[in-house]
Amino acid sequence: MTEFLVSWLASTPTFAIPIMIACVGLIVSERAGVLNLGAEGLMAVGAMMAVMVTLRSGHPWAGIIAGVGAGMGLSLLFGLAVVVLRADQILAGLATVAMGAGLSGLIGRDYVHETVPGLDKITVPGLSDLPVVGPILFNQDPLAYFAVGLALAAWWLLMRTRFGLRLRAVGEDPAAADVAGVDVQMMQLGAVLASGAACGLAGAYLSVVASQVWVENMVAGRGWIAIGLVIFARWNPSRAILGALVFGGADALLPRLLATGADVPSYLMMMLPYALTILVLALPALFKVGRGAEPENLGKPYLRQDRR
Amino acid sequence: MFERISLVRRQDVPLATRLATFAGGLAVGIGLSALLLWFAGVPGDALVDELFVQVFLSSDGLAQTVTGAAPLILVGLSSAFATRVRFWNIGIEGQLWWGAIAAAAIGIYDIGPPVLRPVLMLLAACLAGAAWIGLPLWLKVRYSISETVLTLLLTNIAFLFVQHLLFGAWKDPATGFPVSPQMQPAEQLAKFGWGNVGLSIVIALAVALLLWLLIDRSRLGIYARAVGLNATTAKATGLPVTMTITMLVLLSGALSGLAGGLAVAATEYRLTQFLGGNYTFSGIVIGFLARTHPLGVVVAAFCVAGMFTAGSSLKVFYSLSDAVVVLIEGIILMSLLAAQFFATYKVALARRSVAA
């Protein structure tokens, strides 16, 4: 039993990290007032591009950086459409999902099922050999530690700095932020690019680090789960760590159970993360908590000339 | 940035401007898509041949397009009706899956007299689709929880349930493949002998006509228009806002369910893992292209169906994946959204930073 628990918890981060990274990026974007529903597509291009560049160059880190770049590139298109051209954020987000899925399928068709070199795990001398906590805390890949640092850094940036205050002001009341001298559009565009970079990294993690192979549709709804988690985290990056671990745990449960030879209804078990997300979306409203955390201006384009 | 450019929201958009931006957006979208396909290795003359000649002018191609249009009309209507009351139904595939499951269940368990079987199958499909949108509808109306992510996540659950059935209880005993047993002849809707064309397109067209009358002539249609324009004002004037939203959203779910039911009863004759293919996004694109007008949906659905026909032959000849059609849809939608900017706003260069 302990053995099962340890192996389950030790494999949880691998499932939690991509959701965590994407979720942190989406929080930044939503805090600036832009609802980025394109996460699924941004992760798809990130995953595909990371594998493609890793295969061509032989360096997983080059691939990961390329994945980040691909996410930023596609999110720039989305950002220009919604921030500059004031396109409907929901429709433009869905179009981004479609373009991401389509582009990765088209460009990546020659790279399907090719294995790539992944990242070595960091083993902390001494600590990694500790029973129970060793494999869980001190034997993960470098990006896992980076993701936790990223979430904390994003929290500090958003909640404790002048820059973060300005960014949040754009999402809450763009007219007031505008009067205070904040360039609303540049702030939003930057936030969208940050979310694109994060989603690209999350996708690259899925392909290069977690599975070391790329297939079409490998993101498989994780982008949407990350969007749901933003609400669970109440737009607070440090809470995203907790949320992602819960979801990663649910995701990691099935393969661990199957490995023990247990007879479980696999497809019903695979519903768990989705069902959890739905629960997480519904519960706060049912119990009337967490209201007011949502940025006031989320999803609405800002037009200076419309200001009251 | 952009301080020198001032945007003025147009009070009244002239029809010519609207048409011009729409045509411009469409042209840019199609141009970009063609360019991408060309880069992917499809020669230019083959592109024209595949996209227009084969799809609409050859008998086989046209038959495939007409067959493919039926579910697209239904999901387009589904998206359009939910959008009319500002409900984002991104779970069309989920409702479609449940429609297909319900129809297949009627066939597999031989429920009801054989004469009525097809009718029961389609009825059950509608009910199942409406039921599946019930939860997000309730949470939206009662607790104003955003329906966007909710409907989408429910789609994943529905699809996993389909797989649960197909790899378990409903696996075809004859072959062992993960598809349901075939429907008996009494449970199959008639085909006309021209390709796969059958009753499903007739039903889809009839539904579109019926819904056009509903939205154009009935009281519910007028309420829906008021709710779509401004729900708060509609409520203040005493219109039954909640009832209107509920009716239209349930109708949206039922339409998607019907699309799934028709796939089982009229074209595939069984439940498979491939019935749902990208119908959510196609439905949304069709609803958007048609500006939620039921008859516009029919036209847009035929165009998208043609794209799918072309896509399936491109797939065979140039080893492109299904993703290409989705990509083209995405590019065209994005271009149209961007082009709409020029219809909504008047762009003027400000002399100085005026508004600050």
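Reader: Which relative accessible area does B:Arg291 have, and is the residue buried, exposed or partly exposed?

Author: Buried means under 20% relative accessible area and exposed over 50%, with partly exposed in between (1.4 Å probe, protein chains only). B:Arg291 has a relative accessible area of 42%, so this residue is partly exposed. Before we go on: this is a predicted model, where local features need pLDDT of at least 70, side-chain atom pairs count only at pLDDT 80 or more, and totals for chains, interfaces and linings use all residues. Residues are numbered from 1 along each chain as its sequence is written, chains are lettered from A and ligands numbered from 1 in the order written, and side-chain values use heavy atoms, without hydrogens and water.

Reader: Thanks! Where does B:Arg291 lie?

Author: Helices (H or I, at least four residues) and strands (E, at least two) are DSSP runs numbered from the N terminus. In chain B, the loop between helix H12 (279-289) and helix H13 (294-318) holds B:Arg291. Look at its backbone too: B:Arg291 is not a glycine, yet its phi is positive, about 50°.

Reader: Over which ring does the charged end of B:Arg291 sit?

Author: We say a charge sits over a ring if NZ of Lys or CZ of Arg is within 6 Å of the ring centre and within 35 degrees of the ring normal. For B:Arg291, the ring belongs to B:Phe288, and its centre is 5.1 Å from the charged end. You can find another case at B:Arg142, whose charged end sits over the ring of B:Tyr143 at 5.0 Å from the centre.

Reader: What is the phi of B:Ser144?

Author: B:Ser144 has a positive phi near 40°, and this residue is not a glycine either. In chain B, B:Ser144 has its place in the loop between helix H6 (134-143) and H7. The relative accessible area of B:Ser144 is 54%, so this serine is exposed.

Reader: How many aromatic pairs does the structure hold?

Author: Rings of Phe, Tyr and Trp (its six-membered ring) pair if their centres lie within 6.5 Å; planes under 30 degrees apart count as stacked, over 60 as edge-to-face and the rest as tilted. Over all chains, the structure holds ten such pairs. One of them joins B:Trp98 and B:Trp132, a tilted pair with 5.2 Å from centre to centre and 40° between the planes. B:Trp98 belongs to helix H4 (residues 92-108) of chain B and B:Trp132 to helix H5 (residues 117-132) of chain B, so their pair ties together parts 34 residues apart in sequence. Together with B:Phe161, B:Trp98 and B:Trp132 form one aromatic cluster.

Reader: What kind of pair do B:Tyr109 and B:Trp170 form?

Author: Their planes are at 65° and their ring centres 6.1 Å apart, so this pair is edge-to-face. The pair links distant parts of the chain, 61 residues apart: B:Tyr109 is in the loop between H4 and H5 of chain B, and B:Trp170 in the loop between helix H7 (147-166) and strand S2 (191-194) of chain B.

Reader: Which residues does B:Leu295 touch?

Author: Contact means heavy atoms within 4.5 Å. Not counting residues up to four places away in sequence, B:Leu295 touches B:Leu209 and B:Trp212. B:Leu295 is part of helix H13 of chain B and, at 32% relative accessibility, counts as partly exposed.

Reader: With which residues is A:Gln305 in contact?

Author: Leaving aside neighbours within four places in sequence, A:Gln305 is in contact with B:Ser6 and B:Leu7. A:Gln305 is in the segment after helix H13 (272-286) of chain A. The relative accessibility of A:Gln305 is 35%, which counts as partly exposed. A:Gln305 and A:Leu286 are 19 residues apart along the chain, and 38 Å separates their C-alpha atoms.

Reader: Where in chain B is confidence lowest, and where highest?

Author: pLDDT is the predictor's confidence in each residue, from 0 to 100. In chain B, strand S1 (residues 5-9) is lowest, at a mean of 75, and H5 is highest, at 97. Chain B has a mean pLDDT of 89, with 97% of its residues at 70 or more. The model scores ipTM 0.90 and pTM 0.92.
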